[in-house]
Amino acid sequence: MAEVLVLAEQTADGEVKKVTVELLTAARRLGSPSVVWTGPGAGAARGRLAEFGAQKVYVADSADFADYPVAPAAELLAQLVAEVSPAAVLVAGTTDGKEIAGRLAVKTNSGVLTDAVSITEGDGGPGAEQPNFGGAITAHTRVTKGTPIIAVRPNAISAEPAAGAAELVPVQFAASDAAKAATVTERAVAEKGERPDLAEAQIVVSGGRGTGSADGFKIIEELADALGAAVGASRAVTDAGWYPHQFQVGQTGKTVSPQLYMAVGISGAIQHRAGMQTSKTIIAINKDPEAPIFELADLGIVGDLFTVVPQLLDEVGKRKQL
Ligand SMILES: Cc1cc2nc3c(=O)[nH]c(=O)nc-3n(C[C@H](O)[C@H](O)[C@H](O)COP(=O)(O)OP(=O)(O)OC[C@H]3O[C@@H](n4cnc5c(N)ncnc54)[C@H](O)[C@@H]3O)c2cc1C
């Protein structure tokens with residue numbers, strides 16, 4: 001069975017990011033998954049990679065990946081593509097992942113698909129489903145040249161365990177001078193609260209202009225904390241300065257695809273939908289029964305959020321005590 005290369009993403013602490021095990025699940029549909037691990041820490045990560053079906057883990061334990069952004073990872077993948085002729089290369093559809101995919105496509109003269117929400121296997125080889133035009137159209141796409149390189153959105157594929165050998169295979173790698181054209185001058189780890197990362201969260205609670213003010217928006221944080229969710233916001237909220245821009249969901253913000261997305265006091269403009277409509281279940285709370293968000297919602301609650309959310313908090317509180 002042909003190998004499928006999966007570029008591992010790691011947290012600042014060197015742990016395997018959830019998107020990596022999602023990619024492994026997708027890779028199993030196409031062939032035998034081989035993880036590509038950059039830098040130290042592969043030994044500690046091996047167990048988790050094995051749990052999700054990695055048969056091999058190519059380990060390039062070089063400082064180049066920490067010292068130079070993105071380019072060395074693309075070079076390493078190009079080296080492995082030449083060596084093992086994989087059926088496909090899967091990377092996370094993150095900012096870094098998409099840049100690596102583009103660079104790798106140029107280096108290997110291959111086609112690249114980004115923003116995939118599903119991986120398909122057909123007669124013509126691996127393909128993808130890509131939402132376009134803010135999700136109004138889903139394109140079914142396939143690479144027709146070279147090695148298919150696919151960047152998959154975090155949270156789009158449910159990770160399913162399957163045992164793998166995760167054999168560690170050391171790889172000799174040294175980045176070229178061209179890959180060292182930009183240098184990492186400093187790393188500052190973002191202060192992380194108790195809440196999950198917005199892009200990786202299973203539940204996202206987002207608030208919109210309906211919250212009325214920065215103070216009103218606090219109810220969104222309260223609901224998110226009660227549900228163990230990440231907080232998101234519409235652009236109306238971030239533009240007004242009620243909540244920081246990094247939490248904006250939508251076309252010009254983050255794209256999320258959680259199991260549950262709650263849109264509270266959000267109208268559902270096309271630009272907002274572009275960032276959340278592949279969520280598995282969508283619940284909307286809005287006082288306007290004509291709000292476009294209800295066209296998308298699996299469950300809609302028509303009402304004032306300042307009446308509905310406190311009742312929800314009560315219910316969640318009661319269930320936690322059971
Ligand atoms: C190029 C471009 C890019 C953009 N990118 C983004 C993006 O990335 N993300 C994004 O979100 N937007 C984006 N926008 C903006 C987008 O078009 C909308 O203006 C924005 O999403 C509206 O935010 P909102 O739904 O919070 O506000 P509104 O559209 O004002 O909706 C507020 C909603 O709250 C409801 N409401 C009010 N009070 C209450 C209450 N007490 N209880 C319950 N419901 C209540 C109202 O009925 C209404 O439906 C972009 C726009 C452009 C032009």
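Trainee: In which strand is Asp 115 found?

Mentor: This is a predicted model, in which local features need pLDDT of at least 70, side-chain atom pairs count only at pLDDT 80 or more, and totals for chains, interfaces and linings use all residues. Residues are numbered from 1 along each chain as its sequence is written, and side-chain values use heavy atoms, leaving out hydrogens and water. Helices (H or I, at least four residues) and strands (E, at least two) are DSSP runs, numbered from the N terminus. Asp 115 falls in the run of residues 112-116, which is strand S5.

Trainee: Is Asp 115 buried, exposed or partly exposed?

Mentor: Buried means under 20% relative accessible area, exposed over 50%, and partly exposed in between (1.4 Å probe, protein chains only). Asp 115 has 24% relative accessibility, so Asp 115 counts as partly exposed.

Trainee: What value is phi of Asp 115 near?

Mentor: Most residues other than glycine have a negative phi. Asp 115 is not glycine, yet its phi is positive, near 60°.

Trainee: Where is Val 70, which also has a positive phi?

Mentor: Phi of Val 70 is near 60°. Val 70 counts as buried because its relative accessibility is 13%. Its place is the loop between helix H3 (64-67) and helix H4 (71-84).

Trainee: Why does Glu 22 count as buried?

Mentor: Glu 22 sits in helix H1 (residues 18-27). Away from its neighbours within four places in sequence, Glu 22 is in contact (heavy atoms within 4.5 Å) with Arg 153, Pro 154, Asn 155, Ala 156, Ile 157 and Ala 159. Glu 22 counts as buried because its relative accessibility is 4%.

Trainee: How far is Phe 52 from Thr 211, C-alpha to C-alpha?

Mentor: Phe 52 lies in the loop between helix H2 (42-51) and strand S3 (56-60), and at 7% relative accessibility it counts as buried. Not counting residues up to four places away in sequence, Phe 52 touches several residues, among them Val 21, Leu 24 and Ala 159. Thr 211 is 159 residues away along the chain, and the separation of the C-alpha atoms is 41 Å.

Trainee: In what order do the 5 strands of the open sheet stand?

Mentor: Two strands pair if DSSP finds at least two bridges between them. The edge strands, each pairing on one side only, are S12 (230-233) and S15 (299-302). The pairing in the sheet is parallel, and the order is S12-S11-S13-S14-S15.

Trainee: How many bridges join S11 to S13?

Mentor: On its S12 side, S11 pairs in the parallel sense over 4 bridges, and Val 205 has Val 231 as its bridge partner there. On its S13 side, Ile 203 is partnered by Leu 260, and Ser 206 stands opposite Ala 263. S11 (residues 203-207) runs parallel to S13 (residues 260-264), and the number of bridges joining them is 5.

Trainee: What angle does the direction of H10 make with that of S14?

Mentor: Axes are lines fitted to C-alpha atoms, for helices over the stretch in contact, and angles run from 0 to 180 degrees between N-to-C directions. H10 packs on the sheet, touching S13, S14 and S15, and the angle with S14 is about 130°.

Trainee: How far apart in space are Lys 320 and Ser 267, C-alpha to C-alpha?

Mentor: Lys 320 lies in helix H10 and is exposed, because its relative accessible area is 55%. Leaving aside its neighbours within four places in sequence, Lys 320 is in contact with Asp 225 and Ala 226. Ser 267 is 53 residues away from Lys 320 in sequence, and the distance in space is 30 Å.

Trainee: What is the volume of the second largest pocket?

Mentor: A pocket is an open set of points on a 1 Å grid over the protein atoms alone, where a 1.4 Å probe fits, with protein on both sides within 12 Å along at least five of seven lines; lining residues have an atom within 4 Å of a point. Grid points are joined across faces, edges and corners, and a volume is the space filled by probe spheres set on the points. For the second largest pocket, this volume is about 470 Å³.

Trainee: Which residues lie nearest the centre of the second largest pocket?

Mentor: The elements giving two or more residues to its lining are helix H7 (235-239), helix H8 (270-273), strand S14 (281-286) and helix H10 (305-321). Of the 27 lining residues, those nearest the centre are Arg 209, Ser 234, Gly 265, Ile 266 and Ser 267.
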